[in-house]
Amino acid sequence: MGIFVFIGLAIAAILQAEGVKGFVPFLNMEALLLVMGGTFCATLVNYPLKQIVGLGKILRKVLLQGGVDTTGIVGTFVTLSQKAKREGFLALQAEVAAIPDDFMRRGVQLVIDGQEAEFIRNMLETELGFIRERHKIGQEIFNSMGTYSPAFGIIGTVMGMVLMLNSIDDIAAVPRRMALALAAAFYGLASGYLLFLPMGGKLRRRSEEELLVKEIVIRGVLLLQSGATPSVVEANLKAYLEPSQRVLVKGQEEAVPEAPPEAGK
């Protein structure tokens, strides 16, 4: 959001000062290809193409997905523990299909299947480790691109200055060479500090939030498997929440939606 606000303010300032023609000096295809092409190729040296292409999916996740309702997760586990206490683990089978989170759904299914706590912990924590590693690679790629792009902006500036000085006798070519030099620095610094590095930081924050949710789910599944009472489940899982969120848990104990009716019924 902050990036878009800045871009909007910058566009408004240019329009106010120079009108639409004020954007023309910033359009330089040579500088753009040099900076973005150099950044992409340098990133390819460090990371496989498959991981770089996968950044599109990560970007959509960072920009479009909101935070997870952790209070709803606590309420769901309290509801599941109440039903398990009344009717047994097998009665939870009707609720599993309606759980929207795949990680949580598979954990609860392991409880219904009668797996041991250690087995469930190992399975879920192994998956958590792989998720953490995938997120780490995404952050590293964005941070690397944020480091490379200003460097290629400086390289473009140096190239533009060398070309300008080499053809200093051709006065007509000087403005174009100078524009290349300054535009390369502009593209490199802007893409690095306004796009890649903020994206890496935001991905790190989203990753921390997602991993916290997964840890709450693992804890909830293990409490459910141990046969803990609903009050114990609630008290344990509330410890993961901020004080302002804990008061919201009450009243969400019926958070698990009803399972969809089976076909033909």
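**Note on buried and surface nonpolar residues**

1. Thr43 sits in helix α2, which spans residues 29-46. The model is predicted, and the points below should be read that way. Thr43 has a relative accessibility of 1%. It therefore counts as buried, since the cut-off for that label is under 20%.

2. What does Thr43 touch, leaving out residues up to four places away in sequence? Its partners are Ile52, Ile141, Met145 and Tyr148.

3. The largest nonpolar core holds 32 residues. Phe77, Leu80, Val108 and Val217 have the most contacts inside this core. Five elements are listed as giving two or more residues to it: α5 (70-87), α7 (102-112), α8 (117-166), α9 (174-226) and α10 (230-238). Helix α9 gives the most, with 9 residues.

4. Val217 deserves a look in the viewer. Setting aside neighbours within four places in sequence, Val217 is in contact with Ile73, Phe77, Phe103 and Met104.

5. Now the surface. Phe4, Phe6, Ile7, Ile11, Leu15 and Val20 form a nonpolar patch there. Together these residues have about 580 Å² of accessible area.

6. Ile11, one of the patch residues, lies in helix α1 (residues 2-18). Is Ile11 buried, partly exposed or exposed? Its relative accessible area is 37%, so Ile11 is partly exposed. That label covers values between the 20% and 50% cut-offs.

Notes
Residues numbered from 1 in each chain as written. Predicted model: local features only at pLDDT ≥ 70, side-chain atom pairs only at ≥ 80, totals over all residues. Heavy atoms only, no water. Core = buried A, V, L, I, M, F, W, Y, C linked by side-chain atoms within 4.5 Å. Buried < 20%, exposed > 50% of the residue type's maximum accessible area, 1.4 Å probe, protein only. Helix = DSSP H or I, 4+ residues; strand = E, 2+ residues; numbered from the N terminus. Contact = heavy atoms within 4.5 Å. Patch = residues over 30% accessible without salt bridge, like charges linked within 9 Å, V, L, I, M, F, W, Y side chains within 5 Å. Areas by Shrake-Rupley, 256 points an atom, 1.4 Å probe, with all protein chains shown as cover. Salt bridge = Lys/Arg side-chain N within 4 Å of Asp/Glu carboxyl O.
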